[in-house]
Amino acid sequence: MATNGSDHPATDFPRGVGAPATRALAAAGYTRLDQLAGVPAALHGVGPKALRVLGEALAERGRSLG
């Protein structure tokens, strides 16, 4: 898994998505925001704040979590 120079996977997730959620998403194979469109909002290791931030970022692109 590629990283951004630290222990965080390289992603395009918005600021506000914490490191634990980012790692959980990357472990599940998600590293790009657009990959999350249509994905159920019950993702193991991704808390309510991260889901809200991701949902808002997807909404700005006219997309949503599943």
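Gly47 sits in the loop that runs between helix H1 (19–27) and helix H2 (48–60). This is a predicted model, and the protein in it has two helices and zero strands.
- Buried residues account for 29% of the 66 residues in the protein.
- The accessible surface of the protein is about 3,900 Å², and carbon and sulfur atoms hold 52% of that surface.
- Among contacts in the protein with a separation of 6 or more, 41% join residues 24 or more positions apart.

- In soluble globular proteins, nonpolar side chains tend to be buried together.
- The largest nonpolar core here has 16 residues, and Leu36, Val46 and Leu54 touch the most other members.
- H1 and H2 are the elements that give two or more residues to this core.
- H2 gives the most to this core, with six residues.
- Leaving aside residues up to four places away in sequence, Val46 touches Ala21, Ala24, Leu25, Leu51 and Leu54.

**The salt bridge of Arg32 and Asp12**
- The structure holds four salt bridges.
- In one of them, the side chains of Arg32 and Asp12 meet at 3.4 Å, N to O.
- This pair links distant parts of the chain, with Arg32 in the loop between H1 and H2 and Asp12 in the segment before H1, 20 residues apart.
- Arg32 is partly exposed, with a relative accessible area of 47%.
- Asp12 is also partly exposed, with a relative accessible area of 23%.

**The network around Asp34**
- Asp34, Arg61 and Arg63 are linked in a network of salt bridges.
- The side chains of Asp34 and Arg61 form a salt bridge at 3.0 Å, N to O.
- Asp34 is in the loop between H1 and H2 and Arg61 is in the segment after H2, so this pair ties together parts that are 27 residues apart in sequence.
- The side chains of Asp34 and Arg63 form a salt bridge at 3.8 Å, N to O.
- Arg63 also lies in the segment after H2, so its pairing with Asp34 ties together parts that are 29 residues apart in sequence.
- Asp34 counts as partly exposed because its relative accessibility is 36%.
- Arg61 counts as partly exposed at 42% relative accessibility, and Arg63 is partly exposed with a relative accessible area of 40%.

Key: Residues are numbered from 1 along each chain as its sequence is written. This is a predicted model: local features need pLDDT of at least 70, side-chain atom pairs count only at pLDDT 80 or more; totals for chains, interfaces and linings use all residues. Side-chain values use heavy atoms; hydrogens and water are left out. Helices (H or I, at least four residues) and strands (E, at least two) are DSSP runs, numbered from the N terminus. Buried means under 20% relative accessible area, exposed over 50%, partly exposed in between (1.4 Å probe, protein chains only). Contact means heavy atoms within 4.5 Å. Accessible areas come from the Shrake-Rupley method with a 1.4 Å probe; for residues, only the protein chains shown count as cover. A nonpolar core is a set of buried Ala, Val, Leu, Ile, Met, Phe, Trp, Tyr and Cys residues joined through side-chain atoms within 4.5 Å.
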